[in-house]
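Look at the two chains below.

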Amino acid sequence: MGEEYDVVIVGAGITGCGIARELARYDLRILVVDKEEDVCCGASKANNGMVHSGYEPKPGTLKAKLNVRGVELYPRWAAELDFKLVQTGSMVAAFSEEELPALEKFLERGKVNGVPGIEIISGDEARKKEPNLSPEIIAVLWTPSAGYVEVQQVVLALAENAVANGVRFLLGAEVTDVLVEGGRVQGVVTTRGTFRSRYVINAAGVYADKVAEMAGAREFTIHPRRGTLIVFDKREGKHLSCFIGAVPGEYTKGGGPMTTPDGNPLWGPSAIEVADKEDTAVSAEDLRQVIEKDGRFIPNFPTDTVITYFSGNRPATYTEDFFIEPSAKVHGFVNVAGIQSPGVASSPAIAEMVVGIMKEYEPLHERPDFNPYRKRFVPFRERSREEQAALIAADPRFGHIICRCEHVTEAEIVRAIHSAIPARNVDAVKRRTRAGMGRCQGGFCGPRVAAILARELGVPVTAVTKKGPGSELFAGRIEDLRLEKGAAK
Amino acid sequence: MNVDVAVVGGGPAGLAAALAAKEAGAPRVLVLERDFELGGILQQCVHDGFGLLRFGERLPGPAYMQRYIDALAQTDVQVLTDSMVLELTPERILYVASPAAGLLAVQAGAVVLAMGCRERTRNQIWLPGTRPAGIFTAGAVQRYINMEGILPGRRVVILGSGDVGLIMARRLTLEGAEVEGVYEVMPQPGGLTRNIVQCLEDYNIPLHLSHTVVDIHGEKRLTGVTVAQVGPDRRPVPGTERYIPCDTLVLSVGLIPENELSRGAGVELHPVTGGPVVDESMATGLPGVFAAGNAVAVFDLVDYVSATGEVAGRSAARYAAGELRDGPALAVQPGANVSFVLPQRLHPERVHAGVAFYLRVKESKERAQVVVRAGGEVVKTLLQVVVRPPEMISFTLTASELARAGAADLVVSVE
């Protein structure tokens, strides 16, 4: 049998990492496992990073409660964990009189849910805040408390702080079974070993239903809902400072254009029900919908400045609410499921709630040495010329620009590869440093990032992957292939 | 650090500019190159065919560049490699990051922008599908194979028939990969005719015109693509989809002048070329800032790139010496069947021998005529056996022809 833990958390997205970080305050041995080689690879990766203000969930739902509470807690997370939180508010637009009742409905909901400062303003007032808005917008629901984060930076911050406080991460470990004896959870079996634990927290995103089934605790269902997002060039980042969306439909608020904290215009997501959890292909229809729908808000936006687009699957439940409960069937097994929008906004409150559930199982003892602080490494590109000069003087690798578009240095890539949650593939380097996230999409820096990964990991460059085993970048070294061919003859 | 002429980029445009600036008498000339070595993209272009106009020879890319590198070594031009320009200010201060030299602020009397171009990506042509490993731009594949000794994949589909893609179809075949075919959305090829013949036909690689990739498959590594025929509107024709198993998709779907520095400094860019608006001296709209080569517009012959570099270098030296005075400029406009023409502005009083024009047509035509008009008057005509969008047309307008134009704006058309 492998190591023993008090708590195993399945899933290293914003939910799992948030719970890990908050449970790290207590005297517990904690293990986080994820089937991917990095954190933040599922639903957390593919959303717009919006911290919704909380006008949208139906009053009385978990979503309503945790969303508003999450918004309250975010500034503290941001201060302690040192990630960017831009609170520029958000808008819902009405293009016609017929859409006004919907704004009224969400104004009322917002008030009941306790959303601070929520109001309906005229189209002209809205255009004073956002001059590029369509002249056809007649009114806007305005919520000043909405904010924006770079989700991958939040998840990394949470994970790094968890590691600093003793949490262990085992990545690339897919859970294949949940051990249950006498109605009590006993641990998990993964592709990288078996780990006994007294508690298992299921934060497996779109796979939460499968993991629950392994434990015999499937008390909900998940149906994946695909969302497609489009990222545009930073140089167009001045079109909008906040999010603007359409009047929400029945199942989703849908997307709208916004600007990320790092300055990229971001459109979407769309919302399409899909049968396959792994179906994250972007269809031409997805792209067309997002461009058409979001283009209505800012008509003069140059969509030919597109940099990339991607899809992710949101883990929706049939009740459309979060499902956060200790299993009624298996003692010690906690489901944290159905975390779709507003999951990012709710994550600090979800973590807080799960801590509460754990405290009902048994008293938790605070660790006197818990350190809530994690310092972000300020990227080279964000520093003053004087600071840049000092960095290069101290380590010449800061003078070696690898990613030309985003000005990412070799030193930062090396740092990412050897960080608390090490980057082990090209996409992981990208998430941490932005290398390859610019307009050339890795055309220039790809070969160099692959070479640095190979050198730092001590593997041949042909073993370097895009996103974990099976996604090797190259067929092989030409020399070796020629030898193989010669031998075959 | 103070220099008279700073050249950004050590490729064919940049080195020609540096040499010309030196020859024109600029005392301190500096070349800033972000790669480890000089040569720019030609370092990885090991196929031949470079320098036919300039040297009367068919040289491989590195050999073409070596001539400039050797010539440069005979001068006191200062070269900083592994040095990336982070920013150019309108006052011509360049901020440069380099492991060896640290963070430099270079004040230049004149600047030549010669950053070259970059490749359009999968996303810039809105290709749908999954996002697996195995999708590369043609230039990246060229670097992997020719410089790093790595074969990206074994069974390859190429989208786009730009020159780099055609050349890589041949290279991949020679290195043991199987190239299933080249797919081109347009009804005519994107690359030079000689490359269609020498890189595809000679190797029995099929070229499918009016076809494109409509889907990409595979979660981790590419497993296949779906191709389809397109109609005259370039939209896929339903029912013509065909699945092709492959582990690699190579994109050769266009090049874009690289102008992050230019844009940051406030240089006016042209909506069609994607590069700075330039005059006959290769001066941009920003005083003391010149541009050359593929940073201005994507050329198809390196000989032209070097030629614009020489003009830019010489002009930059004169500007730094206070000799290039501003005066009234004519506009040069694209007329019928011309997508763009360089230069876009012209100072007639500066033209002594003649001025080189470069243009691309919008549509192919046989037995065509290039016509330059000034205020409706024809000042020059030039017969062309055949004109095609991928093949740039270059001609010289002499000083006497220009004199006929008077002060009227020029319109260049292909009829």
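D82(B) is found in the loop between β3 (78–80) and β4 of chain B. Helices and strands here are DSSP runs, numbered from the N terminus; a helix (H or I) has at least four residues and a strand (E) at least two. The phi of D82(B) is positive, about 50°, although D82(B) is not a glycine. D82(B) is buried, with a relative accessible area of 15%. Buried means under 20% relative accessible area, exposed over 50%, and partly exposed in between (1.4 Å probe, protein chains only).

A word on the source. This is a predicted model, where local features need pLDDT of at least 70 and side-chain atom pairs count only at pLDDT 80 or more, while totals for chains, interfaces and linings use all residues. Residues are numbered from 1 along each chain as its sequence is written, chains are lettered from A and ligands numbered from 1 in the order in which they are written, and side-chain values use heavy atoms, with hydrogens and water left out.

**Backbone**

Chain A has a positive phi to show too: D82(A), not a glycine, has phi near 60°. D82(A) sits in the loop between α2 and β4 (90–94) of chain A. Most residues other than glycine have a negative phi, and most peptide bonds are trans. Now for the cis bonds. The peptide bond from S341(A) to P342(A) is cis, with omega near 0°. P342(A) lies in the loop between β19 (333–337) and α8 (343–361) of chain A. In chain B, a cis bond joins L342(B) and P343(B), with omega about -10°. P343(B) belongs to the loop between β20 (338–342) and β21 (345–346) of chain B.

**A buried lysine**

Which helix holds K63(A)? Its place is in α2 (residues 62–81) of chain A. K63(A) is buried, yet has no salt bridge. A salt bridge is a side-chain nitrogen of Lys or Arg within 4 Å of a carboxyl oxygen of Asp or Glu. For charge, Lys and Arg count as positive and Asp and Glu as negative; His and the chain ends are not counted. The backbone oxygen of E320(A) lies 2.8 Å from a polar atom of the K63(A) side chain. Leaving out residues up to four places away in sequence, K63(A) touches several residues, including S341(A) and P342(A). Contact means heavy atoms within 4.5 Å.

**Salt bridges**

By this rule, the count over all chains comes to 67 salt bridges. Here are some of them.

| Pair | Closest N to O |
|---|---|
| R76(A) and E80(A) | 3.6 Å |
| D35(B) and R143(B) | 3.5 Å |
| R448(A) and D35(B) | 3.7 Å |

R76(A) and E80(A) both lie in helix α2 of chain A, four residues apart, about one turn of the helix. R76(A) is partly exposed at 47% relative accessible area, whereas E80(A) is buried at 11%. E382(A) is partly exposed at 32%. R376(A) is partly exposed at 24%. A network of salt bridges links K84(A), K234(A), D262(A), R376(A), E382(A), E406(A) and R434(A).

D35(B) forms a salt bridge with R143(B). D35(B) lies in the loop between β2 (29–32) and α2 (61–73) of chain B and R143(B) in helix α3 of chain B, so the pair ties together parts that are 108 residues apart in sequence. Both D35(B) and R143(B) are buried.

**Where the chains meet**

How many residues does each chain bring to the contact? Chain B gives 47 and chain A gives 53. The two chains bury about 4400 Å² between them, 57% of it on carbon and sulfur atoms. Buried area is the accessible area (1.4 Å probe) that two parts lose on being put together, summed over both. In chain B, N123(B), W126(B) and R131(B) lose the most area to chain A, together 16% of what that side buries.

Four salt bridges cross the interface. One salt bridge joins R448(A) to D35(B). On the side of chain B that touches chain A, the largest share, five residues, comes from α3(B).

Methods
Polar contact = N/O pair within 3.5 Å; in protein donor to acceptor, adjacent residues only side chain to side chain.
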